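Start with the sheets, then turn to the helices.

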Amino acid sequence: MDSTQQPGMLTIGAFARACRLSPKALRLYDELELLRPARVDPDTGYRYYAAGQLEQARLVAWLRRLGMPLAGIRQVVRLPPGAAAAEIRAYWARVEAETAVRRDLAAFLVGQLDPAATVPGKDTTTMLELRCSAHSDRGLVRPANQDTAYAGPRLLAVADGYGPAGGSASSAAVQALRFLDAAEPPAGGVLNLLEDALHGAAEAVRDATGPEEAGTTLTALLWTGGGQLALVHIGDSRAYVLRDGELFRITHDHTLVQSMVDEGRLTEAEAASHPQRSLLVRAIGADAPAVPDLRLHDARPGDRYLLCSDGLYGVVAEDRLHGLLAGAADPGTAVRELIAAAHAAGGPDNVSCVVADVAEAAA
């Protein structure tokens, strides 16, 4: 019997019309293993779909309308409903954070062009401040600590050095940024200021390491005093925010495996155990391009931020990080408990973390 006559079986054209995806998109999703046809004719190569696949196809279509990248959709469609819903919530929280950054940039530009104008949705009446703690630990295996962690009134930073002079590299990078702690940065030019500071950090790393093949990651947040944190990030150290009971990562790893995840060639689970998971494609050093991510992040009272090296998140699962951050009474307690958790997991690497709370300033 011909495939088209089988009960519940649809041609690719009929299936495309039913789920509002084009045949071209269906062929792409087949190649990416997002949505495989129920049957492929061995002679003609023509694809046929079961009527029961319409629900998954519509989910893919909706997620594309939401703007989710294909790599994210690939992960969502493989999850059970509850976990899929959590992944979509996390994705949308990241979108909202990025939208807030664009809103704040719009507010700045409007203010520059027309000081009398305001942008709705931005509360500037509450004065906020950071309350923070930082610690860097050698771990239980490594002979020396090549990490550096710093927390000041305005600047939060974590750097993870590599190579024979990795400790000097991470220390030099953070030290080169410490001048930012001295005074409130200009609101409009803070990202340019951070980019210039990173170039200075790169020069400092080269001076500190000499001809050695060494370098460092760097993840830093600078408090602008106006309810915003400016982020500079390069490498695979990370920044997270705990907001309204949910934990969100606000940085993107600059590693080979992360680029493969972005392209849909690896899943997040496969990346976590990949033998090249620590291979950096961007860093501060002679052997990698020093091209940072730079953006503004809108802070809220009650936010708790975590900056850490891979010695923490590489051995402590994200749900455990979430629990420890949410349960700690203050940043100092959170830092101690996070490092203790890394030790309990074997402490195979240096582990550094900075925890900062956004709180209303004392009157």
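Is strand 8 (residues 218-223) mostly covered or mostly open, and how many of its residues are buried? Strand 8 is mostly covered: 6 of its 6 residues are buried. Buried means under 20% relative accessible area, exposed means over 50%, and partly exposed lies in between (1.4 Å probe, protein chains only). This is a predicted model: local features need pLDDT of at least 70, side-chain atom pairs count only at pLDDT 80 or more, and totals for chains, interfaces and linings use all residues. Residues are numbered from 1 along each chain as its sequence is written, and side-chain values use heavy atoms, with hydrogens and water left out.

Look at the two sides of strand 8. L218, A220 and L222 point one way. T219, L221 and W223 point the other way, and all of these residues are buried. In a regular strand the side chains alternate between the two faces of the sheet.

Helices (H or I, at least four residues) and strands (E, at least two) are DSSP runs, numbered from the N terminus. Two strands pair if DSSP finds at least two bridges between them. L222 stands opposite A230 in strand 9. The hairpin of strand 8 and strand 9 has 4 residues between the strands. In that hairpin G225 takes a positive phi near 85°.

A239 stands opposite L307 in strand 14.

Next come the helices. Axes are lines fitted to C-alpha atoms, for helices over the stretch in contact, and angles run from 0 to 180 degrees between N-to-C directions. Helix 1 (residues 12-19) and helix 2 (residues 23-31) have axes that come within 9 Å and cross at roughly 100°. The two helices are therefore roughly perpendicular to each other (65 to 115 degrees; under 35 is roughly parallel, over 145 roughly antiparallel, the rest oblique). I12, F15 and A16 in helix 1 meet P23, L26 and R27 in helix 2. Contact means heavy atoms within 4.5 Å.

Stay in helix 2 for D30. D30 is buried, with a relative accessible area of 9%. Leaving aside neighbours within four places in sequence, D30 is in contact with L35, R36, P37 and R47.

Helix 3 (residues 54-66) and helix 4 (residues 70-77) pack at an angle of about 145°, with their axes 10 Å apart. Q56, L59, V60, L63 and R64 in helix 3 meet L70, I73, V76 and V77 in helix 4.

Finish at S168, in helix 6 (residues 166-177). S168 is partly exposed, with a relative accessible area of 39%. The C-alpha atoms of S168 and T209 are separated by 6.6 Å, although these residues are 41 residues apart along the chain.
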